[in-house]
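This report is meant to be read beside the sequence and the coordinates. Please keep both in view while going through it.

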Amino acid sequence: MPDTTTDAPRVPLVGWGRTAPTIAALTPVHDDDDVRAAVLAASGRGVVARGLARSYGDAAQNAGGTVLDMTAAARVLHADLETGLVDVEAGVSLDELMNQFVPQGFFVPVTPGTRLVTVGGAIAADIHGKNHHVAGSFSQHVRWIDLLTADGQVRRISPGSDAELFWATAGGMGLTGVILRAQVQMKAIESSRCLVDTDRTEDLDSLMTLLTETDHLYEYSVAWIDTLAKGRRMGRSVVTRGRFARLDELPAKRRADPLKYHGSVKASVPDVFPPGLLNLATVAAFNELWYRKAPKRKRDQLQSIPTFFHPLDAVGGWNRIYGPRGFVQYQVTVPFGQEEAMREVLDRLSSFGTASFLAVLKRFGPGNPGMLSYPSPGWTLALDIPVMKGLAGLLDSLDEVVIAAGGRTYLAKDSRVRPETFEKMYDRLDDFRAVRKRVDPEGVFTSDLARRLAL
Amino acid sequence: MIDALGSPSSLLLVGGTSDIAVATARRYLAERPLRIVLAARDTPRRGVVADELKAAGGTVEVVDFDADDASSPARMVAAAAAGGDVDVAVVAFGLLGDADQLRTEPAAVAQLAQVNYVAPTVVGTELANLMRRQGHGVIVALSSVAGERPRASNFVYGSTKAGLDAFYSGLADSLVGSGVSVLVVRPGFVRSKMTEGIDDAPLATTPEAVAEAIVAGIRKGRHTVWVPGAMRWVMSGLRHTPRAVFRKLPI
């Protein structure tokens, strides 16, 4: 039996963290027929779709099987500039949507810390952004999805039509089928500039208090924590919050072209970063500088979209700075009222002495019916950690703290959680499995992530 | 799957009752539960080891394997793969043999070559085929410093390990780009049931130390590990020692 029935090249694939490479037949697909052919021809090792590969772990890998490269089908099919509804192919990126629609007065409804993700990936991971506390996650702005299921049929699903399949697909990590197209509700903006307030807080308590008391005043909100600050200063952070400026809030010289937008990658990290260059000393120096240079309190500063939303996108391939062994991102959420658990997680990560840059802390709003959708009301913390000795055991023990607090981990970031641990985090996992069994009884759609976690 | 931090979900132990194989399983189980396939002859000890590893938190499957039976490797690997992907396979079976007997008895030499060289190469080929299809996996082969430069006191054993070592080192290179990697482990004298009743050699080590080196080697993506690490330099020295001198060394 051949390994795969396509003649696509078998290539090593990794996620953004550049860990655990596996080999798959990477198959470019341009239209529905390409996808259908690849799905129906799949070997016993199955199929999964891959977009811009910004998942940190193994979500878009499929060892020994087929991986569909969705980035070739990346057209905007229809746009209604009255309502802001756009119909797009799954491979279109949020970057492309911004390039096309910001100058026409529309922003993406939700953006993560990078705009280099596809719409298909945004739905599959049900991504969230700085506006989760007011706008929810990406799938809540999706009106319908065209999903190619294991039988080769294309089904148009929505919250009103096969809601079960829609909410298994939203956050379902590509395991219900291949997302071909979607309709996305864009957000109307008057200008491409954000009005940003910056606050510095000296420790975790004051940070959490500040966010709890005043987050509702802002559409977008996020805090960056210095993970290397210990003891009394643990959790010292810089909070940036804001909203899009109205036309009348722009300085006169910008009013002529209020929607001017230019998102671009300014520089790239070379692929020769030696291991160990980022050590406690260099990272601590960076974090100190970053904290000191932030204003203690600043109001109504005008910032561009890239500066406010996607500071890291200015540097192409920044994931290379962690060296050849790669890195993981630990992102977990715990419900409101479990602040002590979050403190313990942060405290133990700080004491472990990983040379981590900044951690991101944010308050989530209400969750949605997505069976594996990550956001739920509470605090979410995310930080990058280079692969190092002892990390596996540390993160396993932090998972226990998170479970005890009723929290969970984010599949789009995960590359190492244990299956038994994951089972305890998502109480709708069995519902998800039931939907998968209905639409994919043979288990055609699978991935390294699905195998690792026995999803 | 082996995760981002090098923790596997399944472990196949070929020669599953060997002390090093058991120590490797225990080392992994100390971190996380995982699926363990014990491939070994149907002996009472196999049952005892299976129970021990279950008690330590493993999900244990038992599969028949006999290094003297030419058809055994294919059946064993297929049976091990039936329960899911094999993430890490440890080829840990082997015999030390009786040096005096091996000096004069051809049948004993043929038997040792079968168990220590022929069978491991067949198993290695079956495992490589399986893991190529999987698109991922790590094969760990237990070589020995004795293969680095065979000495008069146990050269038959040394020669089988030299052959095994050459096979797996070459296999490693042939698998580049397949998603599969090979870790060749070269321990010195290991205090175990294989060496019971023999006096310690210099730099003697333990099955636990070998297991630690295997787990760390897989985490770091190594292709060769020596246990203890200093053995590498000792053997490098011995390898370059003139024969006239080497022959007279009390080793």
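The sections below go from the conventions to the two chains and then to their contact.

## Conventions

This is a predicted model, in which local features need pLDDT of at least 70 and side-chain atom pairs count only at pLDDT 80 or more, while totals for chains, interfaces and linings use all residues. Residues are numbered from 1 along each chain as its sequence is written, and chains are lettered from A and ligands numbered from 1 in the order in which they are written.

## Overall form of the chains

Chain A holds 13 helices and 21 strands, where helices (H or I, at least four residues) and strands (E, at least two) are DSSP runs numbered from the N terminus. Its C-alpha atoms fill a box of roughly 65 × 55 × 45 Å along the principal axes.

Chain B has nine helices and seven strands. Its radius of gyration is 17 Å, close to the 18 Å given by the globule rule for 251 residues, so chain B is as compact as a globular protein of that length. The C-alpha trace of chain B spans about 55 × 35 × 35 Å along its principal axes.

## Domains of chain A

Chain A is divided into domain 1 (74-189) and domain 2 (193-422), with bounds that come from an automatic or database domain assignment. The centres of the two domains, taken over C-alpha atoms, are separated by 24 Å. In their contact, 32 residues of domain 1 of chain A meet 28 residues of domain 2 of chain A, two residues being in contact if their C-beta atoms, placed from the backbone, lie within 7 Å.

On the domain 1 side, the elements that give two or more residues are α2 (94-101), α4 (132-135) and α5 (163-169) of chain A. The residues of that side divide into 13 nonpolar, 15 polar and four charged; Ala, Val, Leu, Ile, Met, Phe, Trp, Tyr, Cys and Pro count as nonpolar, Asp, Glu, Lys and Arg as charged, and the others, Gly among them, as polar.

## Strand pairing in chain A

Strand β8 (residues 142-148) of chain A pairs in the antiparallel sense with β10 (residues 178-185) of chain A over six bridges, where pairing requires that DSSP finds at least two bridges between the strands. Within this pair, A:Asp146 has A:Arg181 as its bridge partner. β8(A) also pairs in the antiparallel sense with β9 (residues 154-157) of chain A, over four bridges, and here A:Leu147 stands opposite A:Arg155. The hairpin of β8(A) and β9(A) has five residues between the strands, and A:Gly152 takes a positive phi near 90 degrees in this hairpin.

Strands β12 (residues 193-201) and β14 (residues 237-244) of chain A pair over eight bridges, with A:Val196 opposite A:Gly242.

## Contact between the chains

The contact takes 27 residues from chain A and 17 residues from chain B. The side of chain B that touches chain A has five nonpolar, seven polar and five charged residues.

Conventions
The radius of gyration is taken over C-alpha atoms; the globule rule is 2.2 Å times the number of residues to the power 0.38.
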